[in-house]
Amino acid sequence: MKLITLILGCWLSIAVQAGEATAQEEQIARHWLELVDQGDYLHSWEETDRKFQQRINARDWVSIVEYARDPLGHPASRKLIQVQRNNAGNNEQFVKLDFKTDFENRHVATERITLHQRDGNWQISNYLIH
């Protein structure tokens, strides 16, 4: 089976801590993943932070995600397995949520969603699947 890795974004980490996700963080990540699961790739791009949108435009995002996700099929299950926190200073924080996801056409994939908090608002800043 072909291993597809989708990496978007750059990592800014000063202090890394393992921990648990808050209900809000997990809810935001799961909502965003549902958009991707449903094939609503344009809407998923619209819900990313401005730095993400500056790195990749909407048309390219849709093409990349179609290529990476469509062959996997729908997720059969998804479980949060790890959380890492990065404090970047300047009222900015990052939290990486790793999910163990079983897809119709590929079992045991890991999805990493990075949330970026700026001035109290969380947004998606990165997505990785391997």
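This is a predicted model: local features need pLDDT of at least 70, side-chain atom pairs count only at pLDDT 80 or more; totals for chains, interfaces and linings use all residues.

Me: Is Asp-98 buried or exposed?

Reply: The cut-off for buried is under 20% relative accessible area. Asp-98 has 7%, so Asp-98 is buried.

Me: What does Arg-112 count as, buried or exposed?

Reply: The same cut-off of under 20% applies. Arg-112 has 18% relative accessibility, so Arg-112 counts as buried.

Me: Which residue meets Arg-85 in a salt bridge?

Reply: A salt bridge needs a Lys or Arg side-chain nitrogen within 4 Å of a carboxyl oxygen of Asp or Glu. For Arg-85, the N to O value is 2.7 Å, and the partner is Glu-25.

Me: How many residues apart in sequence are Arg-85 and Glu-25?

Reply: Arg-85 lies in strand S3 (residues 75–89). Glu-25 lies in helix H1 (residues 23–37), so the pair ties together parts that are apart in sequence by 60 residues.

Me: What does Arg-85 count as, buried or exposed?

Reply: Buried means under 20%. Arg-85 is at 18% relative accessibility, so Arg-85 counts as buried.

Me: Which backbone oxygen does the side chain of Arg-85 reach?

Reply: The side chain of Arg-85 has a polar contact with the side chain of Glu-25 at 2.7 Å. The side chain of Arg-85 also reaches a backbone oxygen at 2.9 Å, that of Glu-20.

Me: Which residue forms a salt bridge with Glu-92?

Reply: The closest N and O atoms are 3.9 Å apart. That is within the 4 Å limit for a salt bridge. Glu-92 is in strand S4 (residues 92–103), and the partner is in helix H3 (residues 50–55), 41 residues apart. That partner is Lys-51.

Me: Which residues are linked in a network of salt bridges?

Reply: Side chains of opposite charge can pair when their charged atoms come close. The network links Asp-37, Arg-69, Arg-78 and Glu-111.

Me: How many salt bridges does the count come to?

Reply: The rule asks for nitrogen and oxygen within 4 Å. By this rule, the count of salt bridges is eight.

Terms used:
Residues are numbered from 1 along each chain as its sequence is written. Side-chain values use heavy atoms; hydrogens and water are left out. Helices (H or I, at least four residues) and strands (E, at least two) are DSSP runs, numbered from the N terminus. Buried means under 20% relative accessible area, exposed over 50%, partly exposed in between (1.4 Å probe, protein chains only). A polar contact is a pair of N or O atoms within 3.5 Å; within protein, one must be able to donate a hydrogen and the other to accept it, and residues adjacent in sequence count only if both atoms are side-chain atoms.
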